[in-house]
Amino acid sequence: MSKDKPLATTAFTDARVIVGDGTTVVDNAVITVQDGRITGLSQAPAGDLTGATVVSLRGKTVIPTLVNPHGHIGYMRGTVCDQGFYSRENILDHLRRFVYYGISTFQCLGTDRNGIEIAIRDEQRSGTLDDPDLATFFTAGSGLVAAPGPGQASGAPFFAVDAVHQVTDPADGRAFVRELAGRKVDAVKFWIDDRGGAAAKLSPEACREIVDEAHQHGIKAAAHIYTAEDAKVALDAGADILAHMPRSPAPDQELIERLIERDTAVFTSMSVQGPTRTEWLDDPAVRETLPATAIEELRGRMQARGGEPLFDTGETYRRLQENFATLHQAGVRLVYSADTGLLAQLPGLAEHRELEALVEAGLSPIEAIEFATRRSSHLLGLTDRGTIEVGKRADLLVLDADPRADITNTRRIADVVLGGRVVDRERLRRQWRTDSE
């Protein structure tokens, strides 16, 4: 494939296409693209291709690029997450890593520092940041947590303690959301979780004020929760999204019915709590973008846990898998989320590991792909991506092997196509190798 030059009319032929709707697969397909949009999808022969540049994808499988609506950006360098790494340059680097691994769109939920993320997003949308190798960026700006109490820390995430707003009372929470709305954030994020009793917890009244103010400005509110009780507090407040599934106790019928009635989105966020298996670190896809020293550093940290997750316990993860099955079978609106950017959730790779976790939890590979493409796009209000259909952006993840046979085949990437343009992944690899020397 030619690199970096968008072609006016291109026909990608001979591929197997997984459309992204959870069911449809087109074998021996022809995808025609003009000016970055899909103009045709059919089985060969596709009619007159005179004037089109024909690109054979024989032996390849094509899926939509992934869309991740939940992660944290700018804090990880190599395999280590630390607030000292946060910078504009690191955020841009992560946005390129997303594209390299076939993630076209990413949303950061609540860990912006000094408005850097909002500035990058605004530059991207205005066109002043004209870099085609950056994932489309959404941000919630700075999130909200309870201010510290006697003998308790704030409810902030460990890597962004001073990046979030500490709510002193319900009125303060409302006022801060009003400030966020003035900066046109894409969502509002607030943390309810008390970190096992070690942190202060937002009051139900503060949660209601936060969500009500967000809704007055037409902004969705996402609640970080841990328990089923937290989830009910978030629902009482009117939250649109639960950023995690409840871990304990299991969701009861009341909670399930309320989630369904409100059509509340519940993020999967499973791989961030998964067991510390290390075989994925030997995948060539990992070694393409990270130096061996960084990989071995992470391997050592994971092995030191003796199979237990880096966060929480294996027993909690088992319950999480059970709760996923319960919620999915009941018809709760579950949406893919990789919670990228902390622990072992490496930018661009965490998204593929989340697909693997979803399959291990009981989805078929084709269902998992739909979670990570159509569902997540819909959550972000994006109608121009998420499936391979006429009229959509030509955002294509070209794979060397069929992920229906093995979901880890999504990491066997032949090419990434964004808006009809083939990303020059080799150029990105060369730059990362140079930076690590």
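Where is Asp-263 found? Asp-263 sits in the loop between α6 and β16 (265-267). Before going further, a quick word on what you're looking at.

This is a predicted model, so to speak of a local feature takes pLDDT of at least 70, side-chain atom pairs count only at pLDDT 80 or more, and totals for chains, interfaces and linings use all residues. Residues are numbered from 1 along each chain as its sequence is written, and side-chain values use heavy atoms, with hydrogens and water left out. Helices (H or I, at least four residues) and strands (E, at least two) are DSSP runs, numbered from the N terminus.

**Positive phi in loops**

Back to Asp-263: its phi is positive, near 55°, and it isn't a glycine. Asn-114 is another non-glycine residue with a positive phi, about 60°. How open are they? Here "buried" means under 20% relative accessible area, "exposed" over 50%, and "partly exposed" in between (1.4 Å probe, protein chains only).

Another loop, the one between β15 (241-242) and α6 (253-262), holds Pro-249. A cis peptide bond joins Pro-249 to Ser-248, with omega about -15°.

**A look at helix α3**

Helix α3 covers residues 170-182, and its 13 residues should span 18 Å at 1.5 Å a residue. That expected span is 1.5 Å times one less than the number of residues. The end C-alpha atoms of α3 are 19 Å apart, which agrees.

At the start of α3, a side-chain oxygen of Asp-169 comes within 3.1 Å of the backbone nitrogen of Ala-171. After α3 comes Lys-184, with a positive phi near 60°.

Which residues of α3 are buried? They are Asp-172, Gly-173, Arg-174, Phe-176, Val-177, Leu-180 and Ala-181. Among the elements covering them are β11 (144-146), β12 (165-167), β13 (188-191) and α4 (204-216), where contact means heavy atoms within 4.5 Å.

**A hairpin**

Strands β2 (residues 25-34) and β3 (residues 37-43) pair in the antiparallel sense over six bridges; two strands pair if DSSP finds at least two bridges between them. Ile-31 has Leu-41 in β3 as its bridge partner. Two residues lie between β2 and β3 in this hairpin, and Asp-35 in the turn has a positive phi of about 50°.

Technical notes
Polar contact = N/O pair within 3.5 Å; in protein donor to acceptor, adjacent residues only side chain to side chain.
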